[in-house]
Every structure is written in structure tokens, then in C-alpha cells.
Amino acid sequence: MSLDLLVVGGGPVGLATALYAVQAGLSVAVVEQRAGVVDKACGEGLMPGALAGLQALGVDPAGHDIAGIRYLTPTRSVTTDFTRGPGRGVRRTVLHTALREAAERAGAGLVTGTVTGLEQHDGEVSVQVQGQGRLSARHVVAADGLHSPVRRMLGLHRPSGSRRRHGIRQHYRVAPWSEHVEVHWGRAAEAYVTPVADDTVGVAVLTSARGPMQAHLAEFGSLAARVRDAEVTGPARGAGPLRQRVASRAAGRVLLVGDAGGYVDALTGEGLALGLAQAQVAVQAVASGRPQRYPALARRAGLVSTALTHGLLTATATPAGRRAVLGAAAGVPWVFGRAVDALGGTGPKTGHTAYLGGAQGEAPPAHADT
Ligand SMILES: Cc1cc2nc3c(=O)[nH]c(=O)nc-3n(C[C@H](O)[C@H](O)[C@H](O)COP(=O)(O)OP(=O)(O)OC[C@H]3O[C@@H](n4cnc5c(N)ncnc54)[C@H](O)[C@@H]3O)c2cc1C
């Protein structure tokens with residue numbers, strides 16, 4: 001039997017795609033190569049748009065509320081609160097469990113297996129699953145992550161330049177000392193601290209340098225001191241290179257969604273919000289029988305966040321640029337507040353999007369702390 005939609009990759013974006021598909025009345029199955037609960041290197045901060053999108057799908061994972069963002073250097077800091085409701089720090093394992101259970105409850109098929117090939121013919125896509133034969137569907141959404149095998153099978157992968165940044169994250173058993181996601185700016189790296197439970201914080205470092213977590217943390221003196229005596233819980237996980245480019249987010253009846261469709265950087269922490277927004281518009285395109293509309297819809301959904309991430313990444317590529325950006329954020333905090341708020345607004349459309357939008361022209365509360 002041919003499905004309406006087959007999703008390759010059962011990470012958060014693939015599972016959310018399945019939920020949107022069920023809502024749209026489509027028959028759908030998800031093929032995920034890893035059995036059980038899937039973990040991944042991630043800062044684990046759900047921005048307000050991502051959290052609202054999940055809740056609208058009936059998914060409300062436990063975690064720790066996030067009031068906003070604080071940028072810190074050794075000499076100054078600037079803080080802004082979200083105006084669109086709180087975000088939430090959520091362990092990836094908790095998020096995956098919540099989404100998978102919701103997909104199962106909704107009636108999506110869940111298949112464990114690795115997709116190794118794909119062919120399009122006669123209005124159908126046939127997908128080879130290792131050891132399990134072929135599955136066919138009218139459309140395929142590839143949500144198979146940063147290194148998307150499907151993107152390569154379709155010839156849509158493009159080289160992404162010489163600046164290679166990676167992410168590494170670790171959890172520490174310590175009570176969160178801030179309601180904000182802290183972004184510590186080092187000379188050439190950033191460290192993110194996200195509260196994910198009443199007794200746990202996650203620390204993610206973004207850097208071009210290689211090495212163990214401990215070596216990276218040494219660059220961030222005050223942060224290293226905070227977690228020095230804390231129990232390390234679970235293994236460190238890494239991911240990268242972060243920058244991934246695609247020629248297009250669609251080829252015929254196959255749509256690339258989430259990180260599979262290209263990625264700029266984790267610097268602004270809205271990967272999940274953007275992936276959820278893309279999942280929503282991908283299903284709209286499929287349900288309307290016009291998959292060719294998807295690349296334009298996905299571009300529009302990510303316009304603001306992609307531009308801000310590119311801009312910030314470029315501006316902070318040199319030590320002088322980093323000093324200038326941090327100085328400007330502290331000197332003109334409302335600009336910083338606006339940028340963070342725009343990022344916080346990235347995400348799928350929800351019933352209360354209008355409410356979340358805040359008052360027209362209202363400046364988010366942001367202040368330089370030092
Ligand atoms: C260090 C770091 C920090 C980050 N911080 C944040 C943050 O704070 N907030 C935020 O919103 N985002 C953050 N992100 C980004 C976020 O993690 C990603 O945008 C998000 O995980 C994308 O989800 P996805 O479902 O597209 O891909 P993934 O989560 O990578 O899922 C892809 C799935 O596809 C499966 N798969 C792959 N190949 C196959 C195959 N051939 N067959 C079957 N299955 C396959 C994989 O097993 C995997 O489960 C961060 C990223 C990094 C690296």
C-alpha cells in the first residue's frame with residue numbers, strides 16, 4: 001500500500017512533520033535508523049516560537065522555563081526577556097520521547113530502519129530501507145539531519161566553505177543560577193548555558209577548535225568555575241561541521257526539512273523553531289498537491305532568523321568584530337532586544353500567534369547589566 005507521506009528521520013522535525021500530516025488527514029509513516037530514545041548534541045533551548053508550536057501540536061515536554069537571553073563577556077553583560085511568552089530548556093531525550101509518543105498516539109507508523117536509497121517514478125517515491133525492502137509513498141519528507149544522506153542521494157548537497165564550526169555539549173548536575181540562557185562570548189568560541197531541569201544545566205560550546213569539553217571550558221573562566229565541582233551527567237556529544245548548504249530544498253516529490261535542508265549555525269539557537277515551521281509548510285505543500293511550493297514557503301518561514309544568524313556569524317568572525325558587536329549590544333540594548341525577540345518569534349504558525357506577537361512597536365525589555 002502506498003502512503004501519502006513517508007518521513008525519513010525520526011528526530012524532532014521528522015516526528016513533528018508526522019503530527020502535522022495526521023492533522024492534515026494524510027497517511028504517514030516515519031523511518032528512523034536508531035531504535036529507542038534518540039539523544040543529540042544540542043543547546044536544548046526551545047525558543048518561544050518552538051514551544052508554542054509544540055504545544056499547539058499537543059506536545060508539552062517537561063523542562064525549565066527560559067525567560068530570555070543574556071550575553072556575557074568577562075567585562076560586561078546584556079540581558080533581554082522574551083515578550084512572546086517563555087521558552088523552555090528541554091533535554092533532547094525528553095523532547096524525543098514526548099514527540100514519539102504523540103506521533104504513535106496520533107496513528108503515524110513508526111519504522112526502525114536505515115534508508116539507503118530512493119527512486120522517484122510515476123507519481124510515487126520508492127524508498128529502500130536496509131534489510132526491510134521498499135516502502136512507497138506519494139511524497140517523501142527528508143528530515144534526516146545535518147548530514148542528510150537523502151540530500152546527497154538527490155545530488156542537492158553543496159560544499160559549505162572553509163570556516164568549519166562544531167558544537168559540543170555536556171550536562172552538569174547543578175541548580176540553574178539564571179532564568180536566562182547565558183551566552184558566554186570567548187575569544188573565538190561561545191558557550192551556552194541552558195537550564196533543563198531544577199538540578200541540571202546543559203553547556204554547549206560552539207567553536208572551530210577541536211578538543212574535549214574540559215579544554216574548551218577553560219576559555220570561559222567564570223562559567224568553568226560554576227560547574228567545576230558539579231557532577232557530569234552522561235557523555236559529551238558533538239556535532240558538525242555546522243554549516244550545511246543545499247542547491248534546493250526540494251527535488252520532485254522529495255522535500256528537505258529541518259537541518260537536512262541546510263543549516264547556518266547554532267549561534268542563535270532557533271534550529272528547532274525553524275525546523276518546526278518548515279515541517280508545517282512542507283505538509284501544507286504536500287496536502288495541497290503542490291510540493292513545488294515548499295522551497296519558497298520554507299525560505300519565507302526562515303527569512304528573519306537566517307538573515308540574523310548569517311549577519312551575527314559574519315560580524316563576529318574576527319576578535320575586533322566580536323568586541324564591536326558585544327559593545328553595540330550593551331550600548332544599544334533595545335536593538336539587541338529586538339533581534340532576540342525576532343528570533344524568539346521564529347516558528348510554526350499557531351492559533352495564538354497574534355497574541356504572541358506582542359504590541360505593535362513595543363520594545364522588548366533589554367538592559368546592559370554592566
Ligand atoms: C551544539 C548545538 C547546539 C544547538 N542548540 C540549539 C538550541 O539551543 N535550540 C534549538 O532550537 N536548536 C539548537 N540546535 C539545532 C538543533 O539541534 C537542530 O536544528 C535540530 O536537532 C534539527 O532536528 P532534525 O529533526 O532536523 O534533525 P536531527 O535531530 O539530527 O534528526 C535527524 C534524524 O534522522 C535520522 N537519520 C539520519 N539518517 C537516516 C537514514 N538514512 N535513515 C533513517 N533515519 C536517519 C537520525 O538518526 C536522526 O534521529 C543546536 C545544534 C547544535 C549542533
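The shell around the ligand splits into 18 nonpolar, 14 polar and eight charged residues. Here, Ala, Val, Leu, Ile, Met, Phe, Trp, Tyr, Cys and Pro count as nonpolar, Asp, Glu, Lys and Arg as charged, and the others, Gly among them, as polar. Keep in mind that this is a predicted model: local features need pLDDT of at least 70, side-chain atom pairs count only at pLDDT 80 or more, and totals for chains, interfaces and linings use all residues. Residue numbers start from 1 along each chain as its sequence is written.

**Exercise 1.** Find which residues come nearest to the ligand, and which element gives the most to the shell.

*Solution.* Start with the 40 residues around the ligand: G11, G43, G167, G258 and G271 come nearest. ("Near" is a C-beta atom, placed from the backbone, within 6 Å.) Next, look at the elements: α1, β2 (28-32), β13 (166-173) and α7 each supply at least two residues. Helices (H or I, at least four residues) and strands (E, at least two) are DSSP runs, numbered from the N terminus. Finally, α7 gives the most, with four residues.

**Exercise 2.** Work out which residues of α1 meet α7, and sort the contact by class.

*Solution.* First, locate the helices: α1 covers residues 12-23 and α7 residues 271-287. Then list the partners: P12, V13, A16, T17, Y20 and A21 in α1 meet L272, G275, L276, A279, Q280, A282 and V283 in α7. (Contact means C-beta atoms, placed from the backbone, within 7 Å.) Last, sort them: 10 are nonpolar, three polar and none charged.

Key: Axes are lines fitted to C-alpha atoms, for helices over the stretch in contact, and angles run from 0 to 180 degrees between N-to-C directions. Two residues are in contact if their C-beta atoms, placed from the backbone, lie within 7 Å.
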